Amino acid sequence: MGHHNRHFAGDAHVGIWGPPTSAANFCEEDYAVTRFIAEFMNTLSNLAYVYFAFKYPGRSTQETSTISRLDSLSWGLLLVGLASGAFHATLRQGPQFADDLSMLFLTGIMMQYIYCQNQPAGLSRVIAAAVWFSVASASLVYVHSGDIIIHMSAFGASVALIGVRLLQLIYRRQRPEQETAELAARFWTGAAYLAAAFAVWNADLELCVPLLRAQRQRVGWPWALALELHGWWHVLTAAGAAQMIQLVRSLCNNDQNGRKCQPNKEGSRRQRASPPSSALHRGILPKESQADLERIGSSR
Ligand SMILES: [Zn+2]
């Protein structure tokens with residue numbers, strides 16, 4: 001996940017996927033651990049996205065299977081993990097596009113949730129159409145040109161739009177002071193994870209040669225794996241994204257049915273019907289307690 005114009009191809013080993021064709025190639029040495037996985041740690045660390053997608057699936061435990069408990073936000077996060085894993089395992093350009101587009105797809109889902117929240121039905125449809133037209137346009141232009149700057153700009157703009165809207169939803173709405181403080185704490189925790197992730201992503205590329213590779217050789221395997229900083233980028237972005245996704249669910253108060261847009265009328269009815277702090281506690285209470293709260297809310 002995430003790429004830059006520094007490129008570390010040309011390593012000695014060859015693997016089953018053939019010579020790397022991807023525009024991005026990170027500091028980890030290609031096929032250094034096994035010939036089946038190009039970047040071992042950068043591939044394994046994508047399990048963090050999968051872990052968080054299933055840890056906070058978004059839907060009620062009343063759903064029968066694990067898969068049916070995943071809402072669209074969790075599906076988006078899972079897709080990022082799978083696409084990123086495929087890219088780092090093979091270092092082929094096709095999976096790299098899948099990885100990069102999955103990031104835009106996840107931000108598209110999040111934008112639809114938070115920008116449609118409590119809007120009238122007609123306006124919700126217009127916003128949703130605008131979000132997906134933008135995501136699709138940026139994706140097509142990026143794949144057609146192969147220019148990573150287009151992808152980075154689109155992703156950066158999406159993250160900024162999500163951040164601004166989340167802060168607006170946290171601070172502009174009337175709610176008890178403590179609830180606002182807890183929502184804000186969750187936002188800033190997520191933002192701190194993402195900022196740390198951005199720092200290690202840059203460090204992996206900027207400090208690769210000679211520092212990181214020399215240090216890895218000095219400490220030897222398996223300790224060298226801890227110095228694969230792009231792997232830490234995956235872990236930290238997964239933790240940050242999971243925090244933000246939980247926050248989106250809390251603010252939108254719609255994780256039970258997984259709908260992305262709520263018309264004004266129904267949104268306010270649902271908010272009145274819910275126990276006072278149920279939105280805040282969604283995702284942090286035990287699943288059984290969440291289900292109980294939702295049952296109470298829907299029976300009022
Ligand atoms: Zn990556």
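UniProt positions are given in the numbering used here, with feature names shortened, and such annotations may be inferred rather than shown by experiment. Residues are numbered from 1 along each chain as its sequence is written. The model is predicted, so local features need pLDDT of at least 70 and side-chain atom pairs count only at pLDDT 80 or more, while totals for chains, interfaces and linings use all residues.

**Exercise 1. The annotated glutamates**

Task: Find where UniProt places the "binding site" feature on Glu28 and Glu39, and work out whether Glu28 is buried or exposed.

Solution. Step one is the record: the unreviewed UniProt entry puts a "binding site" at Glu28 and Glu39. Step three is burial, for which a residue is buried if 20 or more other C-beta atoms lie within 10 Å of its own, exposed if 12 or fewer, and partly exposed in between, with C-beta atoms placed from the backbone. Glu28 counts as buried because it has 28 C-beta neighbours inside 10 Å, and Glu39 counts as buried because it has 28 C-beta neighbours inside 10 Å. Step four is contact, which requires that the C-beta atoms of two residues, placed from the backbone, lie within 7 Å. Not counting residues up to four places away in sequence, Glu28 touches Glu39, Met41, Asn42, Glu228 and His230. With the neighbours within four places left aside, the contacts of Glu39 are Phe26, Glu28, Asp30, His88 and Leu91.

**Exercise 2. The annotated histidines**

Task: Determine which histidines the "binding site" annotation covers, and what the largest C-alpha distance in this group is.

Solution. The unreviewed UniProt entry gives a "binding site" annotation to His88, His230 and His234. These residues are spread over 147 residues of sequence, yet they cluster in space, with a largest C-alpha distance of 11.3 Å. Taking them in turn, His88 lies in helix H3 (residues 72-90), and His88 counts as buried because it has 30 C-beta neighbours inside 10 Å. Apart from neighbours within four places in sequence, His88 is in contact with Ala38, Glu39, Asn42, Thr43 and Asn46. His234 has its place in helix H9 (residues 229-252), and with 29 C-beta neighbours inside 10 Å, His234 counts as buried.

**Exercise 3. How H2 meets H9**

Solution. Begin with the axes, which are lines fitted to C-alpha atoms, for helices over the stretch in contact, with angles running from 0 to 180 degrees between N-to-C directions. The axes of helix H2 (residues 47-55) and H9 come within 8 Å and cross at roughly 20 degrees.

Note on methods
Helices (H or I, at least four residues) and strands (E, at least two) are DSSP runs, numbered from the N terminus.
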